[in-house]
Amino acid sequence: MTDPISDMLTRIRNAHRALLPSLDLPHSRMKESIAGILKREGYIADFAVEGKTVTKKISLRLKYEGRKGVIEGLRRVSTPGLRRYVGATEIPRVRGGLGTAILSTSQGLMTGVQARKNNLGGELLCYIW
């Protein structure tokens with residue numbers, strides 16, 4: 001697999017469209033950090049890391065409002081073939097501030113709002129709205 005973050009976002013998108021209550025993903029620290037941001041921003045209900053060191057999985061519990069998912073859309077911005085880096089002043093606002101941009105900075109993964117507040121730029125991973 002060349003792009004595990006894109007795979008994670010696609011699995012979340014597909015599970016939301018199928019109205020699945022939960023989802024299992026292969027574990028990595030980057031995916032765990034993204035899941036933490038999604039939980040903190042209110043896009044998923046909960047997540048847990050399960051298993052031993054070799055067979056770790058991330059289990060996500062998805063969040064719905066009736067029969068409609070809380071996540072309306074996900075978009076991968078920086079890909080392995082074309083990396084996209086932004087400075088602290090160039091961080092885009094997703095859907096006029098209603099969405100979230102996730103950045104990989106020198107101080108770890110954070111949302112666009114946090115990166116702007118800390119005056120940090122970095123790799124623009126994805127948009128979630």
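1. Let's start in the middle. The largest nonpolar core has 23 residues, and the ones with the most contacts inside it are Ile12, Ile34, Leu38, Leu60, Ile102 and Ile128. Keep in mind as you read on that this is a predicted model.

2. Who builds that core? The elements giving it two or more residues are helix H1 (4-17), strand S1 (22-26), helix H2 (29-41), strand S3 (57-62) and S10. H1 gives the most, with five residues.

3. Now click on Ile128 and see what surrounds it. Leaving aside residues up to four places away in sequence, Ile128 touches Leu38, Tyr43, Ile71, Gly73, Leu74, Val94, Gly99, Thr100 and Ile102. Two of these names, Leu38 and Ile102, are also on the list of residues with the most contacts inside the largest core.

4. There is another core too, lying apart from the one above. This one has twelve residues, including Val77, Ile91, Leu103 and Leu124.

5. Next, have a look at strand S8 (residues 100-105). Why can we call S8 largely enclosed by the rest of the structure? Because five of its six residues are buried, and buried means under 20% relative accessible area.

6. Which strands pair with S8? One is S10 (residues 122-128), which runs antiparallel to S8 and is joined to it by five bridges. To find this pairing on screen, look for Thr100, whose bridge partner in S10 is Ile128. Thr100 is also among the residues that Ile128 touches.

7. The other is strand S9 (residues 108-111), again antiparallel, with four bridges to S8. Here Leu103 has Met110 as its bridge partner in S9. A hairpin joins S8 to S9 through two residues.

8. Last, two backbone angles to check. Most residues other than glycine have a negative phi. Where is Arg95 found? In the loop between strand S7 (85-86) and S8. Its relative accessible area is 51%, so Arg95 counts as exposed; the cut-off for that is over 50%.

9. Asn119 is the second case: not a glycine, yet its phi is positive, at about 55°. Asn119 sits in the loop between helix H3 (112-117) and S10. Is Asn119 buried or exposed? With a relative accessible area of 58%, Asn119 is exposed.

Terms used:
Residues numbered from 1 in each chain as written. Predicted model: local features only at pLDDT ≥ 70, side-chain atom pairs only at ≥ 80, totals over all residues. Heavy atoms only, no water. Buried < 20%, exposed > 50% of the residue type's maximum accessible area, 1.4 Å probe, protein only. Pairing = 2+ DSSP bridges. Core = buried A, V, L, I, M, F, W, Y, C linked by side-chain atoms within 4.5 Å. Contact = heavy atoms within 4.5 Å.
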